[in-house]
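Subject: Structure handover

Hello,

Here is the structure we talked about. Please open it next to this email. My notes follow below it.

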Amino acid sequence: MLKSKGFYKGINFGGWFSQCDYSKERLDNFITEADFAKVSEWGADHVRIPVDYNIFESNDGSYKEDGFARLDRIFALCEKYNLNAVLDLHKTAGFSFDDYGESESGFFENEQLQERFYRLWEEFAKRYGNLSDRVAFELLNEVTDREFIGTWNIISRRCIERIRAYAPDTIILVGSYDNNSAPAVPELDKPFDDKVVYNFHCYEPLKFTHQGAYWTNKIKQEDRFTFEESNITPEFFEELFAPAIEAAKRNNTTLYCGEYGVIEVVPPEEALKWFRCINSVFEKHGISRSVWSYKEMDFGISDSRLDGVRNELLRYI
């Protein structure tokens, strides 16, 4: 379904409307029209746009028209450069995947915060539901703890019900716990309707893709691993993705990998091996995806470090 609708090979515009300082300089200039033109030239058919709720909401929950105006411009540029878009709510009031740099909490326990979430998605649906042929909705980025999955299944269903009143035809992406891990996909409820897609992320093995990362305690920052030392093979990804693939087949939906990538400290030729390997499994199973990330953010595929391998790398996104 996603491939035929133009959501097959995408690139994240991370760090623009999320994981940033929200300054006017950042919002105006981190990504420009030239970047839309570039990713279209590279052969991407869509961009994923991570956004934070505070771009669109004031502290009292009222809406900021300048935030929506920026989103209007994004979708206009997407249309100009023949790109579809995934609107990804990266942070909502009361929850962020990033406990390193955020202080949001309480979303899964607080009905008022959940109501803000529903209302914001209703607002997105009212404004952009008419763009269902080229804009998809991603409800929430990277639910973290397993303990949240029961509540998340209830919240996501209620949210989709409310979205459907204004956007009956829009594709909606829903991910599971453990930061959208593929093995956790089977714990998602059966899709609400035939336009709901299972979403996952993949940075495995973490010791390779995140070596040197300063924001996680899951790996030692000083450790370094080569591609070969990490035992990365197509069979590795086949086994990792198998539960998600099976769940999607069982529930008559498809899969979208909303983030995957390799940290900048990995040598370019080593990163290329990882992309080639994971791409072989994406292609075998027809899995749609969006690489993390276009620029900077420790993973930028447009960064100069990849100049020597980029032409080949673009074959594997």
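Which residue forms a salt bridge with E79? The partner is R134, with the closest N and O atoms 3.4 Å apart. A salt bridge here is a side-chain nitrogen of Lys or Arg within 4 Å of a carboxyl oxygen of Asp or Glu.

Some ground rules first. This is a predicted model: local features need pLDDT of at least 70, side-chain atom pairs count only at pLDDT 80 or more, and totals for chains, interfaces and linings use all residues. Residues are numbered from 1 along each chain as its sequence is written, and side-chain values use heavy atoms, with hydrogens and water left out.

**Salt bridges**

The structure holds 23 salt bridges. Back to the pair of R134 and E79. This pair links distant parts of the chain, 55 residues apart: R134 is in the loop between α4 and β5, and E79 is in helix α3. Helices (H or I, at least four residues) and strands (E, at least two) are DSSP runs, numbered from the N terminus. R134 counts as buried, at 15% relative accessibility. E79 is exposed, at 53%. Buried means under 20% relative accessible area, exposed over 50%, and partly exposed in between (1.4 Å probe, protein chains only).

R48 has a salt bridge with E138, the closest N and O atoms being 2.8 Å apart. Here strand β2 (R48) is linked to strand β5 (E138), across 90 residues. R48 is buried, at 0% relative accessibility. E138 is buried too, with a relative accessible area of 0%.

R48 also meets E259 in a salt bridge, 2.9 Å from N to O. E259 sits in strand β8 (residues 255-260), 211 residues from R48. At 4% relative accessibility, E259 counts as buried. R48, E138 and E259 belong to a network of salt bridges that also includes D88.

**Helix α3**

Now the helix that holds E79. Helix α3 has 16 residues (65-80). The expected span is 1.5 Å times one less than the number of residues.

Which residues of α3 are buried? They are G67, F68, L71, I74, F75, L77 and C78. An α-helix has 3.6 residues a turn, so residues three or four places apart point the same way. The cover over the buried residues of α3 includes α2 (33-41), β2 (46-52), β3 (84-92), α4 (111-128) and β5 (135-138); contact means heavy atoms within 4.5 Å. After α3 comes N82, with a positive phi near 60°.

Best wishes
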